[in-house]
Amino acid sequence: MDAKAERAAAGHVPVRTYVLVGLFLAAMTAVEVAVPYVGFLRPVMVPLLLLLGAIKFATVGAYFMHLKFDPRVLTWVFVPGLALGVLVVVAMVIVMAA
Amino acid sequence: MATLTPAAGALAPSARSSLWSWIATVDHKRIGIMYMVTGLAVFLLGGMEALFIRTQLAQPNLSIFIGDTYNRLVTMHALTMVFGAVMPITSGFINYLLPLQIGARDVAFPRLNALSYWIYLVAALFLNTSWFLGGAPGQGWFAYTSLTTGRFAVDRGMDFYVLGALLLGVSSLVASINFIVTIFNMRAPGMSLFRLPAFVWTTLLMSILLVISLPPFTVDLILLGMDRMFGTVFFHTAAGANQLLWQHLFWLFGHPEVYVLIIPAFGIVSEVVPVFSGKPLFGYIQLVGALITLSILSYLVWSHHMFTVGMGPVINSFFTLVTMSISVPTGILIFNWLGTMWQGKIRYTTAMLFAVGFIAQFTFGGLTGVMLAAGPSNFQMHDSYFVVGHFHYVLVGGLVFALFAGAYYWMPRVFGCQLDERLGKWNFWLAAIGFNVTFLPQHWIGLWGMPRRVYTYAPGLGVGEWNLVSTIGAFTIGLAVLLFLQNLYVTFRRSRTVQESDPWDGRTLEWSVPSPAPDHNFTVIPHVRGLDAWWVEKELAAAGLTGPGPAKRQRHRIHMPSPSYWPIVVALLLGVGSYGMVLRVHAVSILGFGLAAAAIFAMAFGDVGGYYVDVEGEA
Amino acid sequence: MSHAAFSPDAADEVHGHAEHETNTRVPNRKLAFWVFLSSEAIFFGSLIATYLSYTGRSVNGPYPLDVFDIPLTSVSTFVLLMSSLTMVLAVNAAQQGNRGGTRRWLAATAGLGMVFLGFQAYEFTSFVHEGLRLSTNLFGSTFYTLTGFHGAHVAVGVAWLLALLIRAFRVEPGPDHGEVVEVAGLYWHFVDVVWIVIFTLVYLMELGR
């Protein structure tokens, strides 16, 4: 296979992709900041912001932190910890409100 | 025979038995021994604290240790035993055995391994100097707020607690990461995850539990420390704070922590019982599945320590149900061990006796745990001696007995000599009798209403006699421990001409290396051909089916990690910084922690070193 | 008694220190670091849980909207985000053996990190001026602790990057140079990602109250 395909197979990500991801993240941030100021989005503000934040999180993790291209074991190591972090937040908010 | 060719490194290897060689060692076997010896010494300290407590409670209205002193004894007894004794002893076993059991030469990060030990030692000493430096912590090992802030905790005890626990947390976290990476990455060829010895599985799961349960406790300690030292209001009711914040974060750690304690004990028993039953472990896959399930569930039950705080019936019901469900995987484990013994050729060595004692006593403690799990009746039992009886059954009758089993079983592996079996039998029976006499009555005096953490009680309540019985039992345990020490002494004094490397006819790889183990463990990394790898090799050898042709001797060049002084340096500096914070001398804390950070950078960025050993061995 | 002769395919042992081939194919340091990040996720989760548990419970001001300057914080968020991009380019350069590129992008990342810290310092001092201290109320305690620990993590990251930068000038990069910079990158991205969460939950959510 040609050099480019070889490098892709080896998990190498071209610089172009990184820059595009960076621009995507910047755009998402702009959208996020705008959401609270858009009146008609108020009712769905919280879930929308959470969703946007989650998308950014996943994008950084998958591309910048290379999880998409690395052996699966790393995703399996990190995601449960992440899930538990979320669980702690959700559980604490629930039990402390009780 | 090994010749050392020192190469460029952080430190050239020096004389084998010098003090310096122990201080700078990065060899997992030596680190393991240091953990075990230190842990045993601290265990004796915790045992003394227990005897003081039991003496005070032996009769109504005694005034031997009362008030603040008593509170400090109770608090320190728990902290000492849990963090200063049993966890390090367990760590000692793991350190020594893990690489051997997976066919590796050492753990993934030898210097971090040493760092974990030195931080533990510094932390244990630090915490115990609190007795002389302004008062040991006396608010219970779980340190509920608001008892630990403001006018209820004006002396330095809780500051020692915060910093000491943080240090111990760092030690445990670093060790856990080390063990996880070692198990994932450094197994010998052929050692798939489902050929791992049970003790390695339990090490893996224990380590994962620590990694995920330490963070909430770390945050909790930070919040408390900041309230005490930097004027925050996390636990100031007047500012709108909710004291349950402390409890939730604490038990999010505290419950998985008790599984951290017991899971390695499951591992030890799962090693000892098959060997002395002459049969493989019954239901290995089910055991692994049960352990994994147990670990996951243990993270979801923390508020069963908080049934009485007023969270309401819905939340209480959730925790009741999940807690009770833990008994299912636990039951599977018990049946695994019983199934292993069933129709086996059982050898009742001391190790096996302790293991069987574990099974019986842990089961009993587990049953009282299920009783406590029921939210409604928990209101009656919470904060009573019933709870004290319960957790001592699982932690002493369970964990400590398993540690004794491990000691008797692995003594030949670690020190090349077997503990005396006659003394061992006395040791066991005294311990078993003493243990049950101490803790069984605590269940009914608890149900009759005797609360925890009281330094005395009125006569005529019907608990005086049973408290006396319990105290007599406690001193019997003390005798049993003395017998164990005597056994150690007698064993080491004996001259040892023959050092058998596999005296029990073991099943796992640690018995395949010579005794004493060479620094590099395996001259040739083994090729694993099945579960119970060493047993498989012995059977194949007996059937004449080993390796290709007659072994020819060959020289092997093995890379070894260099000793290093950084671990002890970092640990000492962290200790200095901690003292600075406790004594409120800011310059000392900034200097201590700052230099510690610099030392960590130097350790990380400096030359790792390493040297080669030429070893003659079979090809 | 000699240990039994296992059938060794381990011919690499005779040839000396083989690249420690790991069972998962992931190098030890990288795997270790992901395990550590797993625990850090729960660490920050617990801090965030504390913050959220106490939201809206302060009995006296200043309250969040009294002091927050969302446009300013948006800028610092953007700065940190861009530093993640420069970090990724540094890792890329290191893995390709491009010494000049590595140095440039490491410097850029450290620089952007320091800019972020500058914004944080400005924010903290202006909040203090407006009467918000650690001890003022629950908001002060939780806010400064959460963002303070995050800032401390950024500061450690900057120090780490500067150490790498200094080394990149002095020493010939070893064969594991790519891995070394990659691990620093993992830390840096994680710290960025935590800020994404904090920015959303602490700052932006406040606008909806």
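This is a guided tour of a predicted model, stop by stop.

**Stop 1: chain A on its own**

Four helices and zero strands make up its elements. Followed from the N terminus, they run α-α-α-α. Chain A has 98 residues, and 41% of them count as buried.

Now think about how the chain folds back on itself. Take the contacts in chain A with a separation of 6 or more: 52% of them join residues 24 or more positions apart. Switch to a surface view next. The accessible surface of chain A is about 5200 Å², and carbon and sulfur atoms hold 76% of that.

**Stop 2: a nonpolar patch on chain A**

Select Val15(A), Val19(A), Leu20(A) and Leu23(A), which form a nonpolar surface patch of about 330 Å². Then click Val15(A). It sits in helix 2 of chain A, which covers residues 15–34.

**Stop 3: where chain A meets chain C**

Bring chain C into view and colour it separately. The interface involves 41 residues of chain A and 45 residues of chain C. The size of an interface is often given as the accessible area lost when the parts come together. Here, chain A and chain C bury about 3600 Å² between them, with 80% of it on carbon and sulfur atoms.

Select Phe64(A), Met65(A) and Phe78(A) next. These residues of chain A lose the most area to chain C, and together they make up 16% of what that side buries.

How many salt bridges link chain A and chain C? The count is one. To find it, show the side chains of Lys30(C) and Asp70(A), which meet at 3.0 Å, N to O. Polar contacts can be shown as well: four residue pairs between chain A and chain C are in polar contact, both residues at pLDDT 80 or more.

Which elements of chain A give two or more residues to the side that touches chain C? They are helix 2, helix 3 (45–64) and helix 4 (72–97). Highlight helix 4, as it gives the most to that side, with 14 residues.

**Stop 4: Ser38(C), from the chain C side**

Centre the view on Ser38(C). This residue is in helix 1 of chain C. Ser38(C) is buried, because its relative accessible area is 4% and buried means under 20%.

Hide the surface and display the neighbours. Leaving out residues up to four places away in sequence, Ser38(C) touches Val77(A), Phe78(A) and Gly81(A).

**Stop 5: where chain C meets chain B**

Turn to chain B, keeping chain C on screen. Here 49 residues of chain C are in contact with 58 residues of chain B. The two chains bury about 4600 Å² between them, and 68% of it is on carbon and sulfur atoms.

How many salt bridges are there between chain C and chain B? The count is zero. Look for polar contacts instead: nine residue pairs qualify, both residues at pLDDT 80 or more.

Now select helix 1 (28–53) and helix 5 (138–170) of chain C. Each supplies at least two residues of the side that touches chain B. Helix 1 gives the most to that side, with twelve residues. Helix 1 also carries Ser38(C), from the previous stop.

**Stop 6**

Select Ser91(B), which is found in helix 3 of chain B, residues 67–102. Ser91(B) is buried, with a relative accessible area of 11%. Beyond residues up to four places away in sequence, Ser91(B) touches Tyr35(B) and Phe179(B).

Move on to Val588(B) in helix 18 of chain B, residues 586–605. Val588(B) is partly exposed, with a relative accessible area of 33%. Aside from neighbours within four places in sequence, Val588(B) is in contact with Val576(B), Gly577(B) and Gly580(B).

End with a distance label. Draw it between the C-alpha atoms of Val588(B) and Ile285(B): they are 53 Å apart in space and 303 residues apart in sequence.

Terms used
Residues are numbered from 1 along each chain as its sequence is written. Chains are lettered from A and ligands numbered from 1 in the order in which they are written. This is a predicted model: local features need pLDDT of at least 70, side-chain atom pairs count only at pLDDT 80 or more; totals for chains, interfaces and linings use all residues. Side-chain values use heavy atoms; hydrogens and water are left out. Patches are made of residues with over 30% relative accessible area and no salt bridge: like charges are joined within 9 Å, nonpolar side chains (Val, Leu, Ile, Met, Phe, Trp, Tyr) within 5 Å. Accessible areas come from the Shrake-Rupley method with a 1.4 Å probe; for residues, only the protein chains shown count as cover. A salt bridge is a side-chain nitrogen of Lys or Arg within 4 Å of a carboxyl oxygen of Asp or Glu. Buried means under 20% relative accessible area, exposed over 50%, partly exposed in between (1.4 Å probe, protein chains only). Contact means heavy atoms within 4.5 Å. Buried area is the accessible area (1.4 Å probe) that two parts lose on being put together, summed over both. A polar contact is a pair of N or O atoms within 3.5 Å; within protein, one must be able to donate a hydrogen and the other to accept it, and residues adjacent in sequence count only if both atoms are side-chain atoms.
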